[in-house]
Amino acid sequence: MRAQVLHSPGEPLRQTELPEPEPGPGELLLRVEACAVCRTDLHIVDGELPNPKLPLVLGHQIVGIDVETGSRLGVPWLGWADGECRFCRSGRENLCDNARFTGYHLDGGYAEMVVADARFCFPIPEGYDSVHAAPLLCAGLIGYRALRLAGDAARLGLYGFGSSAHLIAQVARWQGRRVFAFTREGDAEGQELARSLGAEWAGASGEQPPEPLDAAIIFAPVGALVPVALRALEKGGVVVCAGIHMSDIPSFPYELLWEERVARSVANLTRDDGHELLELAPQVPIETHVEVFPLEEANEALDRLRGGRISGSAVLDLAS
Ligand SMILES: [Zn+2]
Ligand SMILES: [Zn+2]
């Protein structure tokens with residue numbers, strides 16, 4: 001099968017011919033139809049996440065067809081959890097001590113075929129073609145978890161208006177929240193997309209919103225945004241850092257945290273998050289804006305994501 005393979009962090013992916021993977025007990029063999037590109041893929045390629053499987057097939061927002069049954073399934077970032085540790089036993093499998101992640105510890109979807117543990121696959125809602133469903137599987141799921149951790153905030157700021165934010169803005173609007181979008185300075189296209197999806201205000205991340213925010217979710221991997229977002233918060237507000245990696249957070253005066261403001265992260269997903277979001281998606285309905293690339297152009301898709309030159313989500317299309 002054709003695959004894009006990471007041999008060593010810091011190097012581009014290489015197009016490689018690999019043997020078809022063989023499913024073990026409890027695993028499914030899926031023919032990949034689409035795999036969305038996540039910023040986490042970039043962190044792995046850039047060596048910012050420790051100890052990836054090598055060589056590695058990236059990709060953890062996979063939509064594929066089960067070759068046995070013909071059903072269409074999604075494979076998310078959480079590829080396996082032990083079910084036994086104290087986190088799993090308390091409904092927090094996202095924090096499992098022994099979790100294995102797709103496209104990091106396990107080969108992922110930048111390939112024609114993938115194997116996945118059946119227990120961690122999700123049915124894909126009808127009404128979404130595979131290319132448009134793929135971004136729901138991480139950008140959607142983890143964004144949704146971050147939104148939940150933002151509590152019942154009425155005025156929500158989204159820092160970094162890319163793959164995740166463009167989906168979560170729609171859910172937030174549907175829930176009746178007010179959305180304020182922050183992009184890189186001068187990103188007129190991102191701000192326009194934000195407004196078209198219901199943000200009532202869009203500006204550069206350094207700007208103060210017209211009103212204080214009850215919560216902010218930071219999707220950009222930029223630690224300097226933590227004090228910036230805290231400064232935009234109302235008393236009792238929360239800043240949720242939604243990325244798996246961030247540059248260092250600069251020091252800031254205690255007054256930014258005072259009055260019960262909270263700064264926290266969100267890690268991974270539980271299967272409950274996945275089922276909930278995928279059930280919600282067609283009700284909203286969440287529209288995914290995609291830029292499609294053939295498998296061979298995975299490096300190009302990653303480079304454009306790195307440079308902030310993707311509108312919505314980048315998706316590798318393996319079906320056409
Ligand atoms: Zn566990
Ligand atoms: Zn991801």
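H60 is buried, with a relative accessible area of 0% (buried means under 20%, using a 1.4 Å probe and protein chains only). C38 is buried too, at 11% relative accessibility. Donors here are N, O and S atoms within 2.8 Å of the metal (3.2 Å for Na, K and Ca), and with water not among the atoms, sites may look incomplete.

C38 sits in the loop between β3 (27-36) and α1 (39-45), and H60, 22 residues apart from it, in the loop between β4 (56-57) and β5 (62-66). Helices (H or I, at least four residues) and strands (E, at least two) are DSSP runs, numbered from the N terminus.

## About the model

This is a predicted model, with local features needing pLDDT of at least 70 and side-chain atom pairs pLDDT 80 or more, while totals for chains, interfaces and linings use all residues. Residues are numbered from 1 along each chain as its sequence is written, chains are lettered from A and ligands numbered from 1 in written order, and side-chain values use heavy atoms, leaving out hydrogens and water.

## Zinc ion (ligand 1)

D82 (OD), C85 (SG), C88 (SG) and C96 (SG) coordinate the zinc ion (ligand 1) at 2.0 to 2.3 Å. The 4 donor atoms subtend angles of 98 to 118 degrees, so the arrangement is tetrahedral (all angles between 85 and 135 degrees). Of these residues, C85 is buried at 9% and C88 at 14%.

Technical notes
Four donors count as tetrahedral if all angles lie between 85 and 135 degrees; four count as square planar and six as octahedral if opposite donors are over 155 degrees apart and all others between 65 and 115; anything else is irregular. Buried means under 20% relative accessible area, exposed over 50%, partly exposed in between (1.4 Å probe, protein chains only).
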